[in-house]
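The exercises below are meant for a reader who is meeting this structure for the first time. Try each task before reading the solution that follows.

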Amino acid sequence: MPMRRTIGISFACLVTSACATSKTPETSKTPEENPTPYADEAAKVPDPCCRLVPIVGRSQSGKAAWYNFVGKKTASGEILDTVTPTAAHLSLPLASYAKVTNLDNSRSVIVKINDRGPYGRRERIIDLSPCAADVLDMKRAGVATVVIEPLVYEPAPVTAAVQNSGATLAQ
């Protein structure tokens, strides 16, 4: 049994380390123009032919809080800032996206999972960055009931336009 556990832990470490990146962004902007090199990374879609869609049947509901460790490194190596909607979750993969909806006011935001947590008594299921908390209008309350829908990239529908003697057909 100890050998199986050792192999299992080694395999988990190997898989986790394969997901790690050591990207150093190059910016030509001054710190005033771009407060962090990762400030607009959550809004970028890596492939223009893909779109984010929810994973059916994988949503979670529970309590969310926000945390204000601005300037500190997250588990993914990014620096937490006040302009990027990010979140900390215990089991969603780092660098994945999720739609978080505040059930009290029906506001929602798409966040990038870039940190681990929340830790403690497990009363909360997600910790949100200050920007995401602002969008959900939950900063004053501090804690809100939310639904989390993990998102995956799916190929967008292909649209073809054919021009035939002045008439354009869209498919």
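## A charge over a ring

**Exercise 1.** In this predicted model, find what lies over the face of W66.

*Solution.* Begin at the ring of W66 and look along its face: K139 lies over it, at 4.8 Å from the ring centre. The cut-off for such an arrangement is 6 Å from the ring centre, and the charge must also be within 35 degrees of the ring normal, so K139 over W66 counts as a charge over a ring.

**Exercise 2.** Describe the order of helices and strands in the protein chain.

*Solution.* Begin with the inventory, which is two helices and nine strands. Next, read along the sequence, where the pattern is α-β-β-β-β-β-β-α-β-β-β. Then turn to contacts between residues at least 6 apart in sequence, of which 72% join residues at least 24 apart. Finally, consider burial: of the 171 residues in the protein chain, 32% are buried.

**Exercise 3.** Decide whether N114 is buried or exposed, and list what surrounds it.

*Solution.* First place the residue: N114 is found in strand β5, which covers residues 108-115. Its relative accessible area is 1%, and because buried means under 20%, N114 counts as buried. Leaving aside residues up to four places away in sequence, N114 touches Y67, T74, A75, S76, E78, T86, A87 and L94. One of these, E78, is also joined to N114 by a polar contact of 3.4 Å between the side chains.

**Exercise 4.** Search the whole structure for aromatic pairs, and work out the geometry of the one formed by Y97 and Y153.

*Solution.* The search finds two aromatic pairs. In the pair of Y97 and Y153, the rings are 6.2 Å apart, centre to centre, with 85 degrees between the planes, and the pair is edge-to-face. This pair links distant parts of the chain, since Y97 belongs to strand β4 (residues 97-102) and Y153 to strand β7 (residues 143-155), 56 residues apart.

**Exercise 5.** Locate V83 and state how far it is from S129, in sequence and in space.

*Solution.* Start with the position of V83, which is in the loop between β2 (60-66) and β3 (86-88). With a relative accessibility of 40%, V83 counts as partly exposed. Along the sequence V83 and S129 are 46 residues apart, while in space their C-alpha atoms are 8.9 Å apart.

Technical notes. Residues numbered from 1 in each chain as written. Predicted model: local features only at pLDDT ≥ 70, side-chain atom pairs only at ≥ 80, totals over all residues. Heavy atoms only, no water. Helix = DSSP H or I, 4+ residues; strand = E, 2+ residues; numbered from the N terminus. Buried < 20%, exposed > 50% of the residue type's maximum accessible area, 1.4 Å probe, protein only. Contact = heavy atoms within 4.5 Å. Polar contact = N/O pair within 3.5 Å; in protein donor to acceptor, adjacent residues only side chain to side chain. Phe/Tyr/Trp six-rings, centres within 6.5 Å; stacked < 30°, edge-to-face > 60°.
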